[in-house]
Amino acid sequence: MRPSRRDLLRAGALVGGAILTTRGMPGATGGDVPGASGGNATVDATASPWDRVPEILARIVPPAFPDRAFPITDFGAAGDNTTDCTPAFRRAVAACNAAGGGRVVVPAGTYRTGKIHLLSNVNLQVNGTIRFRTDAGSYLPNVFTRWEGIECYNYSPFIYANGQSNIAITGSGTIDGNAPAGEWSSWGNGGADRDQLRAWGASDHPVAQRQFGSGHKLRPNMIGLYDCTAVLVEGVNLRNPAMWTLHPVYCTNVTVRDVTFFSTNSQGDGCDPDSCTDVLVTGCRFDTNDDCVPVKSGRDRDGRRVSRPSRNIVIQNCRFSGRWGGVTVGSEMSGGVRDVFAEDCVCNPADFPGRYPVKYALYVKTSFNRGGYVDGVHLRRITGRNLERSALHITLNYETSGSLPPAVQNVTADDVAIDGAAQAYDLEGRASDPIKNVTITNSVFTRVATAAPIADDVDNLVLTGVSINGKDVSNTPASRYEAEDAVISQGVVESDHAGFSGRGFVNTDNVAGAYVEFAITLPAPGPHPLTIRYANGTTTDRPFSLTVNGAVVQSSVPAPSTGAWTTWTSTSAVIPTVAGANTVRLTATTGAGLPNLDYVELRP
């Protein structure tokens, strides 16, 4: 019987039989797919998750500004790397906002300043260099922030906005946090202050009373944008943050384009979309001391209290040379993460080596006390070289304390090509909380140090067209199309010779031009290996032509004698296909007609 479209898509890895794998050894099991809320969800087998990306991108529209310029030098700034330009920035931003918007222009020169707070309809256009002061007092009084996923009041980010709309930071200049020159590095990961904040988050301590800042050691981010809409960061060079570089929080409609990130401090992330919706990160370069693009949504109980997911995050055409992950989710993801898409990115490019090589092309890190969910992380056309660890790493064991592991499911990676890694993939679920629905297709991993990948407690791992060090490790079966269900010209269905599959086989007339044509619907274009099973009980070769969608793939495929009509054998070819409907026709090229045809099989 001809496979249904759902059966074909299952074999094509859009949906798969439930396969439970343990370390390097796949087996079989069943089970439902949990939804993000913990209930059962139905996988849409007829559509690719990538079909949603055009709709997401259509909603991401960068802000536009009136053609009015407010040079900071008109408000008392001097580009001598000495004058404190903090008041000049404040006055220029206020004037631009009051006039209805425009550009606050930073001309050539180096402008030393403390905190800069942006207002609606202001484009901070950086042509020269902004260099931030290193004294912590320049970032007081405290403002509302989210520090490593927990809400509090702390030092102001160097550039800050809260509740604003239509804001931008653009230009070809440099924004230099100058953090290595100050005391920020010595504060490390926050020590006792970090522990206090986590304790307050775990006990629902009132946010207004979570005051840090002066006398404390929680480093501020360099750019922190909170609850803003229509945000653009474009073209600038961002260097030397005290902590995370660009941190949009609770924002919607965010574009980060053609930005270069460079960080040296620990916790030196690149761009951290945090509980944000509709974000595009494109054409950026990351040379970071931590993750490049980590998607976040709050930590533990405090993140679940806020309960604002990150969703619809698109990452395109970026170059990663960060110390940990290229595309990362977590570890602070307790509010949930849904629908992250990354395509056409390069890890450790030869022409952009960075200070550290990326350890993971994909790094999904969660732990026992996060709760929440990661539902839908999709990669395609990701390339890279010399990864220090696994190309694809998903773990529920980033931290091992707590009792609320998140649900992690629906991860796909297509057309990934990595040359040099410790492992191709390392997937670490838990027996009670497996990772669900991981699909890797059309991907090649070479120079992999440990050929055996890891897949612990993964429910439904589908590998299609995947090779590691030249060995095919696919676990998806071929799709079979019975000849008796095909279109037959000058032939009949018979069942009088044993050994056939299905209900019978096709016996054509002994004429040239007799054919059997198979209809095959595919979710994605080929090429695909095709196997043709036949029997030829005569002593005469019965060759045939092979055409796909009307084009000749092979003009004469030999079908020599098999010795008896009950002796079946097969021949194979690789055929090109298109997404959607395809026809595969076998046509007799001699007066002997076709051999008896049992079926064809198409392997993903």
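I began with Pro-141 and found this residue in the loop between β9 (129-132) and β10 (143-147), where the strands, like the helices, are DSSP runs numbered from the N terminus (H or I over at least four residues for helices, E over at least two for strands). The peptide bond that joins Leu-140 to Pro-141 is cis, with omega about 5°.

I note here that the model is predicted, so that local features need pLDDT of at least 70 and side-chain atom pairs count only at pLDDT 80 or more, while totals for chains, interfaces and linings use all residues. Residues are numbered from 1 along each chain as its sequence is written, and side-chain values use heavy atoms, with hydrogens and water left out.

Asn-178, not a glycine, has a positive phi of about 60°, and its place is the loop between β14 (174-176) and α4 (191-202). Its contacts (heavy atoms within 4.5 Å), leaving aside neighbours within four places in sequence, are Arg-131, Phe-132, Thr-134, Arg-239 and Asn-240. The side chain of Asn-178 reaches the backbone oxygen of Phe-132 at 3.4 Å.

I recorded Asn-442 as partly exposed because its relative accessibility is 43%, between buried (under 20% relative accessible area) and exposed (over 50%), with a 1.4 Å probe and protein chains only.

Terms used
A polar contact is a pair of N or O atoms within 3.5 Å; within protein, one must be able to donate a hydrogen and the other to accept it, and residues adjacent in sequence count only if both atoms are side-chain atoms.
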